[in-house]
Amino acid sequence: MNKNVKALCEAAIMVAIALVIDLLKEVLPGQLPNGGSLLNISMLPIVFFAIRYGAGWGAMAGFVFGTLNYIIGNGIAIDWTTMVCDYLVAFTLLGFGAGLFKGRKWAAVWGSLVGGTLQFLSSYLVGVFVWGKWMPESFLGMPMTSPWIYSFLYNILWAAPNIVLTIVVFILLYRTKAMRRYLLGSDIPQKA
């Protein structure tokens, strides 16, 4: 099978899995206001795909997931900047950052950490400059006076647990030889 066809098929499968996982957040505890979720590993399939195929393919899968996540997952946006930054840019950066570690030792750990951090930074900045206008007077029992602090607290609440959970799942998957070979892309044809 042609490498590009294989990559497109896997991208479609991983984006679909990520969408299903993301839709499950509606029935799980730990919802934050405005769409955040404390326990959501929808980033796992995107990172998984990105570390197999690289930054370009990962960015593409992240962009597609972000677009579909906004449309199908009842995305929350107050204007075009929140739609673009919280969904399109954030998930594109997730896939891009994870893909930078293609074929490297500990790719799943570093890919999850870097991709998740880039996703967090996108959401954090749009939280400061756009969502900060609607900052509540108190959050987590603390008075909120700065959109920088509010956005950091809000976004770290979903980003940190999801990054850690994704890394833990990858470490568990990496323990089996077949999954390790798959994660490292040993089965991908070298000719395009």
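**A tour around helix α2**

Start by selecting residues 43-53, helix α2: eleven of its eleven residues are buried, so this helix is largely enclosed by the rest of the structure. Buried here means under 20% relative accessible area with a 1.4 Å probe, protein chains only, and helices (H or I, at least four residues) and strands (E, at least two) are DSSP runs numbered from the N terminus.

Before going on, note that this is a predicted model, where local features need pLDDT of at least 70, side-chain atom pairs count only at pLDDT 80 or more, and totals for chains, interfaces and linings use all residues. Residues are numbered from 1 along each chain as its sequence is written, and side-chain values use heavy atoms, leaving out hydrogens and water.

Now show the side chains of α2; among the buried ones are Phe48, Phe49, Arg52 and Tyr53. Around them, colour α1 (3-24), α3, α4 (80-99), α5 (107-129), α6 (147-174) and α7 (177-183), against which the buried residues of α2 pack.

Next, select Ile51, Arg104, Lys105, Trp106, Ala107, Ala108, Tyr174, Leu183 and Leu184, the lining of the largest cavity. About 40 Å³ of space lies inside this cavity.

Finally, colour by pLDDT, the predictor's confidence in each residue, from 0 to 100. The protein chain has a mean of 86, with 89% of its residues at 70 or more. Helix α3 (residues 55-72) has the highest confidence, at 94, and strand β1 (residues 138-139) the lowest, at a mean of 80.

Conventions
On a 1 Å grid over the protein atoms alone, a cavity is a set of points where a 1.4 Å probe fits but cannot get out, and a pocket is an open set with protein on both sides within 12 Å along at least five of seven lines; lining residues have an atom within 4 Å of a point. Grid points are joined across faces, edges and corners, and a volume is the space filled by probe spheres set on the points. Buried means under 20% relative accessible area, exposed over 50%, partly exposed in between (1.4 Å probe, protein chains only). Contact means heavy atoms within 4.5 Å.
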